[in-house]
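Me: I have a model open and would like to talk it through slowly. Could we start with a single residue and then widen the view?

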Amino acid sequence: MAQDVINAATLGSLYLLFALGMSLAWGTIGILNFAHGSIFMFSAFVCHLIVREAALPMPVAVLIGLVVGAVISVLVQVLAFEPIQRRAADHRRAELQILVGGIGMAGVLLAIAQRVTKSVPFGFSESTFRVHVYDLGFVRLSNVQIVIVVAACLLAGLAGWWLRSSRSGLALRAIGVDPEVATMMGVDRRKLAVAIMAASGGLAGVAGVLLTYYLGSIAAESGDAFLLKAFAAIVLGGVGSVGGAAVGAAILAVVETIVLVQTSGTWVDAVSFGLIFLMLLVRPRGIFGRKEVRRT
Amino acid sequence: MSYWYDAHLILIQSTFVSLLLALSIQFPLRMGVFSFAGIGSYGIGAYAAAIMTIRYSWPAFAAIGAGMVVAMVAGYLLALLVSRLDGLYLGMATIAFTLILTVVAINGGSLTGGAQGLYGAISTLQTGQVILVCAVVVVLLALSERGRMGRRIDAVREDPELAVSVGIRVIRMRRMAFVVSGALGACAGGMNALLRTTVSPDDVGFSLVVLALTMIIVGGSRSWAGALIGSVIFTWLPQVLQAVGDWQTVVYGVIVALTAVYVPSGLLGVAQNGYRRMRRRSGPVAGATEKATGSEEPGGDSAPLEPLSEDVPTGGTR
């Protein structure tokens, strides 16, 4: 039982790190980034390539993941999403095009990683970091799990503070409510969009590297599965809310763990989709979501 | 010709199946309903056709028809359930619906064959029959893009409130979109299952959602012709890209991204724009064309890029 709680906490923290950036980008600048899963995977992949050449300690690897994720995310924003938003005639068409643009970018990243790794799972076996499992009698706890939970709490707290208390965070929330008026009030939309995408990609990169340490190795295709879980977490908690993403990720992880323990395990995937579906029916804006301000 | 036909039979069959699949997403999209339930219906149709053929040895069209009926009922019930949702939220809910069906198929025991799926659904379905069905569907959809029906659908998409105020039953039209989408998707799935004689849970998943969406956006989302262009391109592209060898999938992704970014109205839109520019250059009727387009589309603002296809020639000949 206690072991299940620990595992659920680790899983929930990974979901949170991954979903947070996606949720913030969607809630503020209105971009649902389908390339997020690939950015997550590709950061871990680049990190794997570097660690293969030089034995690096874990903090450096996590930092590499953060930087790579942020850089790719900004590239996707500048190369794909910005031109789409500039050219699109109306909001609904822009949404669709952004989905497909993200899919295309995700395809490129996935294809590169698959080609280089020949679709064999990759990991950080050359890193100087060694997994330690502490046996506390009633539970077994590894140092990776501690790092994951701490990192998720720290980064989510930081993101929450940024949005709530800083001037740029206020500007970002203003864009989320009404981009035109925000621009008139002197908010630089372009710069802030790049900033939020960098933060979002950085979080994905950290999540990717930590997941690889946790599981030992990941496959190039693991991004897509995470993308769908992140939707569930975001929809559960409410788009654009840090607390919502945290609660959504926690609920998802706990319910998945319960289903995994109680049944044969083949129904686990239905949990996230079922939760999305139920939540959208009962309360489409999520637990913490504000009433949606729809632009016409 | 005949040799070429035999050598590429599977690709030709896939083209028509993908066309129906793309249309099952494109039809609701024309009404502003962002639903991926057509992909789930594809799964329903594929499994229903395979089960009917293997267990009860029904003839091909009866088996496909059974799947279509089930999918239409499922589509109607889903439409009732998700009637409050709109935009991306509706898209997510319908993706969730599709993926739940996949998990159900994996856990379906001997009825759905679990993770391995079903084998040996051998039937008499001919490629010619598939093409015939597609032709009928395309003619019906092309008719729905013209005249009263076409204008109604455009009104529902561009401005639902306005559509209600002029007496269009928007809610009924949206439900109809789900039912038609279910029928088209199930037809595609049933035919694919019988042509390939197998179906497995892997056939219906997130990648199929992505493929169908890509086909429509790259081809052009306003007309059946866009879905046709998309399905031809994405069925044959992997074959063509074999020339670039290892980098095939990378080039594929780049093409998708570039089209989404720089060709917002899809290839169909590019073709239509080019056609209009040609007409405009050849005669002094440019003003008439613009006027006709502007007055037909309630949403005005996007008119210069995406005119309703049939209005252009009419305006030009005036």
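**A residue in a loop**

Me: Is Lys118(A) buried or exposed?

Reply: Lys118(A) is exposed, because there are 7 other C-beta atoms within 10 Å, where a residue counts as exposed at 12 or fewer such atoms, buried at 20 or more and partly exposed in between, with C-beta atoms placed from the backbone. This is a predicted model, in which local features need pLDDT of at least 70 and side-chain atom pairs count only at pLDDT 80 or more, while totals for chains, interfaces and linings use all residues. Residues are numbered from 1 along each chain as its sequence is written, and chains are lettered from A and ligands numbered from 1 in the order in which they are written.

Me: Where is Lys118(A) found?

Reply: Lys118(A) sits in the loop between α4 (91-117) and β1 (122-123) of chain A, where helices (H or I, at least four residues) and strands (E, at least two) are DSSP runs numbered from the N terminus. Lys118(A) has a positive phi of about 55°, although it is not a glycine.

Me: And what about Thr197(B), what is its phi near?

Reply: Phi of Thr197(B) is near 65°, which is again a positive value in a residue other than glycine. Thr197(B) lies in the loop between α9 and α10 of chain B, and it is partly exposed, with 16 other C-beta atoms within 10 Å.

Me: Moving to chain B, how many helices and strands does its secondary structure come to?

Reply: Chain B comes to 15 helices and zero strands, and buried residues make up 49% of its 318 residues.

Me: Let's take α6 of chain B, which residues are buried there?

Reply: In α6(B), Val130(B), Cys134(B) and Val137(B) are buried. Seen down the axis of α6(B), the buried residues fall within an arc of 65°, so they line one face of the helix; the arc is that of the directions from the helix axis to the C-beta atoms. On the other side of α6(B), the exposed residues include Leu132(B), Val136(B) and Leu140(B).

Me: What covers the buried residues of α6(B)?

Reply: The cover includes α2 (9-30) and α9 (170-196) of chain B.

Me: Back in chain A, which residues of helix α6 are buried?

Reply: In α6 (residues 167-177) of chain A, the buried residues are Ala171(A), Leu172(A), Ile175(A) and Gly176(A). Seen down the axis of α6(A), they fall within an arc of 150°, so they line one face of the helix, while the face turned away from that buried side carries the exposed residues Arg167(A) and Val177(A).

Me: How many residues does each chain give to the contact between A and B?

Reply: The contact takes 34 residues from chain B and 40 residues from chain A, two residues being in contact if their C-beta atoms, placed from the backbone, lie within 7 Å. On the side of chain B that touches chain A, the largest share, eleven residues, comes from α5(B).

Me: Last topic: what is the mean pLDDT of chain B?

Reply: The mean pLDDT of chain B is 83, and 88% of its residues reach 70 or more, where pLDDT is the predictor's confidence in each residue, from 0 to 100. Over residues 286-318 of chain B, however, the pLDDT is below 50, and beyond near neighbours in sequence this stretch has 51 contacts in the model. The model scores ipTM 0.80 and pTM 0.83.
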